[in-house]
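Work through the exercises below with the sequence and the model at hand. Each task is followed by a solution in steps.

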Amino acid sequence: MPNMRKTTQVESARQFAFLQRASMAHDRALRAIANLDERLLCAEPIYRDWTIKDMLGHVVTWNDEFRLAIRIILKKENSQPARQEIDFDEWNEVKIAEKRKWSWERIRADMDRDYSELIELVAHVQPNEFRKYGITAWADFPPKEMAKILNRKVESVETLVTYHWRHMNQHSRMIEKWREKIGF
C-alpha cells in the first residue's frame with residue numbers, strides 16, 4: 001500500500017480503502033509531474049490555456065470545496081453551500097486566475113496540504129457517517145427519492161470523498177497523456 005505519510009487510526013475497511021485510493025492518486029500526480037522543469041509546469045498550456053500548475057490548482061480548489069461540503073454535512077462547519085446556481089466553467093476560470101498569481105512552490109505546497117487534510121478528514125469520519133447525505137451545488141444525479149423530497153442537489157459523504165481521488169486521477173491522466181505527446 002502506498003505510504004499515507006501520516007499514522008492514522010483507521011476504524012473500517014471503507015476508511016482504509018479511501019485512504020489507500022487517496023494516497024495512490026496523490027502519488028500518481030507526483031509521478032505525473034516528476035522531472036518537469038518550472039517552465040513546463042507553469043508556462044506550457046496542456047489543456048485550453050491551462051498549464052499543469054493551473055490544473056493542479058484547479059484540483060485542489062475543488063477538493064477544498066468537497067471537504068467543506070463534507071464538514072457541512074457532518075455539521076462540523078456552520079456554513080452553507082456557497083453556490084446554488086453556478087456556471088462551473090466561469091467559476092473554474094475565476095479560481096484558476098486567482099491561483100495563477102501563486103508561485104509553483106505555493107501550488108506544490110497546496111497539493112500536500114490538500115492531501116493531508118483529506119487524510120485527516122477521512123480518518124475521523126465515523127464509518128456510519130459515509131452514508132450521510134447533504135446539499136451540494138454541483139450534484140448532477142442525486143438519489144431520486146431524496147431529490148424529490150428536498151428539491152435540491154444532494155450527495156453522500158462517501159461520494160464527496162471519492163471525488164477527491166477521481167478528480168486528481170482525471171487530471172493526472174491528462175498530464176500523463178500530454179507528457180507522452182511531447183515525448184517527455
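The exercises go from the overall fold to single helices and then to single residues.

The model is predicted, so local features need pLDDT of at least 70 and side-chain atom pairs count only at pLDDT 80 or more, while totals for chains, interfaces and linings use all residues. Residues are numbered from 1 along each chain as its sequence is written, and side-chain values use heavy atoms, with hydrogens and water left out.

**Exercise 1. Overall fold**

Task: State how many helices and strands the protein has, and in what order the elements run.

Solution. Step 1: take helices (H or I, at least four residues) and strands (E, at least two) as DSSP runs, numbered from the N terminus. The protein then has seven helices and two strands. Step 2: read the elements from the N terminus, which gives α-α-α-α-α-β-α-β-α. Step 3: apply the burial classes, where buried means under 20% relative accessible area, exposed over 50%, and partly exposed in between (1.4 Å probe, protein chains only). Of the 184 residues, 47% count as buried. Step 4: take contact as heavy atoms within 4.5 Å. Among contacts with a separation of 6 or more, 73% come from residues 24 or more positions apart.

**Exercise 2. Packing of α1 and α5**

Task: Describe how helix α1 packs with helix α5.

Solution. Step 1: two packed helices are described by the angle between their axes and the distance between the axes. Axes are lines fitted to C-alpha atoms, for helices over the stretch in contact, and angles run from 0 to 180 degrees between N-to-C directions. Step 2: for α1 (residues 13-33) and α5 (residues 104-124), the angle is about 170° and the axes are 9 Å apart. The two helices are therefore roughly antiparallel; angles under 35 degrees count as roughly parallel, over 145 as roughly antiparallel, 65 to 115 as roughly perpendicular and the rest as oblique. Step 3: list the contact residues. From α1 they include F18, L19, A22 and H26, and from α5 they include W104, M111, Y115 and L118. Step 4: sort the contact by class, which gives 13 nonpolar, four polar and two charged residues. Here Ala, Val, Leu, Ile, Met, Phe, Trp, Tyr, Cys and Pro count as nonpolar, Asp, Glu, Lys and Arg as charged, and the others, Gly among them, as polar.

Step 1: ask what else covers α1. The cover of its buried residues includes α2 (38-43), α3, α5 and α7. Just after α1, N35 has a positive phi of about 65°.

**Exercise 3. R67 and H164**

Task: Which residues does R67 touch, and how is H164 placed?

Solution. Step 1: R67 is in α3 and counts as buried at 1% relative accessibility. Leaving out residues up to four places away in sequence, R67 touches R113, D114, E117, L118, L121 and H164. Step 2: a polar contact is a pair of N or O atoms within 3.5 Å; within protein, one must be able to donate a hydrogen and the other to accept it, and residues adjacent in sequence count only if both atoms are side-chain atoms. The side chains of R67 and D114 form one at 2.5 Å. Step 3: H164 belongs to α7 (residues 157-182) and is buried at 2% relative accessibility. The H164 side chain reaches the backbone oxygen of N63 at 3.3 Å. Its neighbours, beyond four places in sequence, include F66, R67, I70 and D114.

**Exercise 4. N92**

Task: Is N92 buried or exposed, and which side chain does it meet in a polar contact?

Solution. Step 1: N92 lies in α4 (residues 88-100) and is buried, with a relative accessible area of 10%. Step 2: the side chains of N92 and W62 make a polar contact of 2.7 Å.
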